[in-house]
Amino acid sequence: SAQRLVCHCGLGSSYTSNFYGKILKGYALGASMGDVWACWTNAIVKRFFGRIKHHWILTVGQPTREQINQDVASYIWYYN
């Protein structure tokens, strides 16, 4: 059987919305959400988004949506 890629995220309303579910489905991704009050289940994701927010997005000018898309993609490559 083929393995399915899974996006692990928190339980925030943006991740539990039908809109987000449709996006995942469009990319053939499964969803995985941690338990309530179980911060250790998504510590890696929290660290990544914390770093990208505080060490990149808030310190580098982002004049356009295109620029921020490019910067986020660059940061993901750098981080990995």
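Reader: How much accessible surface does the protein have, and what share of it belongs to carbon and sulfur atoms?
Author: This is a predicted model. The accessible surface of the protein comes to about 6700 Å², and carbon and sulfur atoms hold 60% of that area.

Reader: What percentage of the residues is buried?
Author: Of the 80 residues in the protein, 15% are buried.

Reader: Turning to the fold, which elements are there, and in what order do they run?
Author: The protein has four helices and two strands. Starting at the N terminus, the order is β-α-α-β-α-α.

Reader: What are the dimensions of the C-alpha trace?
Author: Along the principal axes, the trace spans about 40 × 30 × 25 Å.

Reader: And what share of the contacts comes from residues 24 or more positions apart?
Author: Such pairs account for 49% of the contacts in the protein with a separation of 6 or more.

Reader: Where is confidence lowest, and where is it highest?
Author: Helix α3 (residues 43-57) has the lowest confidence, with a mean pLDDT of 78, while helix α2 (residues 18-26) has the highest, at 92. For the protein, the mean pLDDT is 80, and 91% of its residues reach 70 or more. Where pLDDT is low, the predicted coordinates should not be read in detail.

Reader: One further matter: what is the phi of Ala28?
Author: Ala28 has a positive phi of about 60 degrees, although this residue is not a glycine. Most residues other than glycine have a negative phi.

Reader: Where does Ala28 lie?
Author: Ala28 is in the loop that runs between α2 and β2 (30-33).

Note on methods: Residues numbered from 1 in each chain as written. Predicted model: local features only at pLDDT ≥ 70, side-chain atom pairs only at ≥ 80, totals over all residues. Heavy atoms only, no water. Buried < 20%, exposed > 50% of the residue type's maximum accessible area, 1.4 Å probe, protein only. Contact = heavy atoms within 4.5 Å. Areas by Shrake-Rupley, 256 points an atom, 1.4 Å probe, with all protein chains shown as cover. pLDDT = per-residue confidence, 0-100.
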